[in-house]
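Please work through each task before reading its solution.

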Amino acid sequence: MGDFIQFIAEVVNTLHDLFQAIVAAQGWSFTDKDLHFWLIGLLGIVCFFVVQVLFRWISQWSVTVLSLIYTLTVLLVIVFAIEIQQKITGRGHMEFDDAIVGLYGFFAFFAVYLAVRLLWRGGRLLYRRYGRK
């Protein structure tokens, strides 16, 4: 897990340096806060428009899928926050596998939820079709 975070940090630092070099080559003088304002602002608004189009399309199919995507996003943040907290405090071992197993737990419970939901809907369908006679 530590290696993964170091890799991500190296990618972010490389992109940061590249962006600063591009800005400097244009003759612009931005502070680090200015760079963050523009980069995160632009990245965020592009991401928003992509998500807006995607979620509108998905919502026509199923709101459950949107709930699943949102839940997975929140769980990813929580799982990595826990792993980083373990590294900082020294309580527990910071391992990528811990994060993955935690997410597997959610998928297992979600599969049970889907099975119960499918059985319920199937039972209602069968009752409506054959039970009223």
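**Exercise 1.** In which hand does H3 pass H4, and at what angle and axis distance do H3 and H4 pack?

*Solution.* H3 passes H4 in a right-handed crossing, where right-handed means that the near helix is turned clockwise from the far one by less than a right angle, and left-handed anticlockwise. This is a predicted model, in which local features need pLDDT of at least 70 and side-chain atom pairs count only at pLDDT 80 or more, while totals for chains, interfaces and linings use all residues. Residues are numbered from 1 along each chain as its sequence is written, and side-chain values use heavy atoms, with hydrogens and water left out.

Helix H4 spans residues 96-131, and its axis lies 9 Å from that of H3 at an angle of about 155°; axes are lines fitted to C-alpha atoms, for helices over the stretch in contact, with angles from 0 to 180 degrees between N-to-C directions. H3 is therefore roughly antiparallel to H4, given that angles over 145 degrees count as roughly antiparallel, under 35 as roughly parallel, 65 to 115 as roughly perpendicular and the rest as oblique. Helices here are DSSP runs (H or I, at least four residues), numbered from the N terminus.

By class, 12 nonpolar, three polar and three charged residues make up the contact of H3 with H4, where Ala, Val, Leu, Ile, Met, Phe, Trp, Tyr, Cys and Pro count as nonpolar, Asp, Glu, Lys and Arg as charged, and the others, Gly among them, as polar.

**Exercise 2.** Is Gln86 buried or exposed, and which residues does Gln86 touch?

*Solution.* Gln86 is found in helix H3, residues 63-89. With a relative accessible area of 18%, Gln86 is buried (buried is under 20%, exposed over 50%, partly exposed in between, with a 1.4 Å probe and protein chains only). Not counting residues up to four places away in sequence, Gln86 touches Arg91, Gly92, His93, Met94 and Asp98, contact meaning heavy atoms within 4.5 Å.

**Exercise 3.** How many aromatic pairs does a search of the whole structure find?

*Solution.* The search finds five, a pair being rings of Phe, Tyr or Trp (its six-membered ring) with centres within 6.5 Å, stacked if the planes are under 30 degrees apart, edge-to-face if over 60 and tilted otherwise. Phe37 and Trp38 have ring centres 5.6 Å apart and planes at 85°, so the pair is edge-to-face. Phe37 is exposed at 58% relative accessibility, whereas Trp38, at 45%, is partly exposed. Ring pairs also join Phe106, Phe107, Phe110 and Tyr113 into a cluster.

Note on methods: Helices (H or I, at least four residues) and strands (E, at least two) are DSSP runs, numbered from the N terminus.
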